[in-house]
Amino acid sequence: MTANLAQMTGPESAEAIARSRTAVLPLGSIEQHGPHLPNGTDAMAAELIAHAVAEQLGAVYVPFGPYGVTPIHAGHAGTVNLRRETFEALLTDVCTELVRMGVRTFVLVNWHEGNIAAMNAVATDLQDRGDAVFFAVQACYTAQRVYREHGGELTHGGGIETLAMLAHDPALVKTERAGAPTRPPGAQAMDRMRRSHEVYGFITDVSELADDGWYGNPGWATPQLAEQFTETVSSAVLEALASAMRARDIRRDDRGPGDRPS
Ligand SMILES: [Zn+2]
C-alpha cells in the first residue's frame, strides 16, 4: 500500500519520510475536456500514475490539489485556472514543508502541459537553495510515447486521455457523446508548433486548436487496453526516472560526498 501523507498519522509519516526521503506529487488540472471526459481528467491521470510511481519507489505520496495553470481553457465551462504565481506559491509552500519534514528528493508527476513552466521554475528555485533535488515526470508525454503504436497521439480529450480515465473509473467516460473522431484541419500542426523544442509558438485559447474545445480519437481507447494503462505508463516512467537518477548519482560519486543534499 502506498504511504499517503494525507492518510498516515504524524508518527507514521515521520517514519515513512525518514525511510525514503522521497516525495511524489501529482500535478494536474481541472478544465473542460469536451462532452465525453471529466473536467478533472488531468488531475486524476496524474494521481493514478503518481500513486503507482510512489508505491514502486517506496516513496511518500503527497496529494497536491487538482488545480493547475490553464489559461488556455479559462472561460470555458468546467475550467478553474490558477494564476501562475498562485500555483508556484502553493507548490513552493508544500515542498518547503516537506523539506522541513526530511524529504530530500522530489518527483513531480505532471499530466498537464500548462503547468510545465511553473513547475520547472519552482523545482529549479528550490533545488538551487540546496535543500533537495527535483525530478520532473511529464507523464502525458510518456503515455504518448508508449501508446504511439496504437495510434495514440496526445490530444486534448483524445484517445490517451480517454484511456487514462477508463483506467481510473470507466463510469466517468462518456465516449458515446464524443461523436465522430474530430481532426480539425491544422490542429495537429498547431500542437507540433507549440510542443517543438526548437522553434515554437503559443496557444492561449483552446479554440485556436479546435472550435469545440477538444479533438482526437477516443475510439481506440478500449477497456481491455485500459486494464494495463497504469502499469504500462508507470513502468515506462520508472525506467526513465531510474536513468535520470543514475545520471545524477554517477556524477555525485565522481565528485565525492557533499554534492547532493543528504
Ligand atoms: Zn487533459
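Reply: Contact means heavy atoms within 4.5 Å. This is a predicted model, where local features need pLDDT of at least 70, side-chain atom pairs count only at pLDDT 80 or more, and totals for chains, interfaces and linings use all residues. Residues are numbered from 1 along each chain as its sequence is written, and side-chain values use heavy atoms, with hydrogens and water left out.

Me: What makes α6 largely enclosed by the rest of the structure?

Reply: Buried means under 20% relative accessible area (exposed is over 50%, partly exposed in between; 1.4 Å probe, protein chains only). Eight of the ten residues of α6 (159-168) are buried, so the helix counts as largely enclosed. Those are G159, I160, E161, T162, L163, A164, M165 and L166.

Me: And what do the buried residues of α6 pack against?

Reply: They pack against α2 (41-57), α5 (139-146), α8 (223-227) and α9 (229-255). Across the whole protein, 47% of the 262 residues are buried.

Me: How do you know what to call a helix or a strand?

Reply: Helices are DSSP runs of H or I with at least four residues, strands are runs of E with at least two, and both are numbered from the N terminus. That gives nine helices and five strands, in the order β-α-β-α-β-α-β-α-β-α-α-α-α-α.

Me: Why does the radius of gyration agree with a compact globule?

Reply: The rule is 2.2 Å times the number of residues to the power 0.38, over C-alpha atoms. For 262 residues a compact globule would be near 18 Å, and the protein has 19 Å, so the two agree. The C-alpha trace spans about 55 × 40 × 35 Å along its principal axes.
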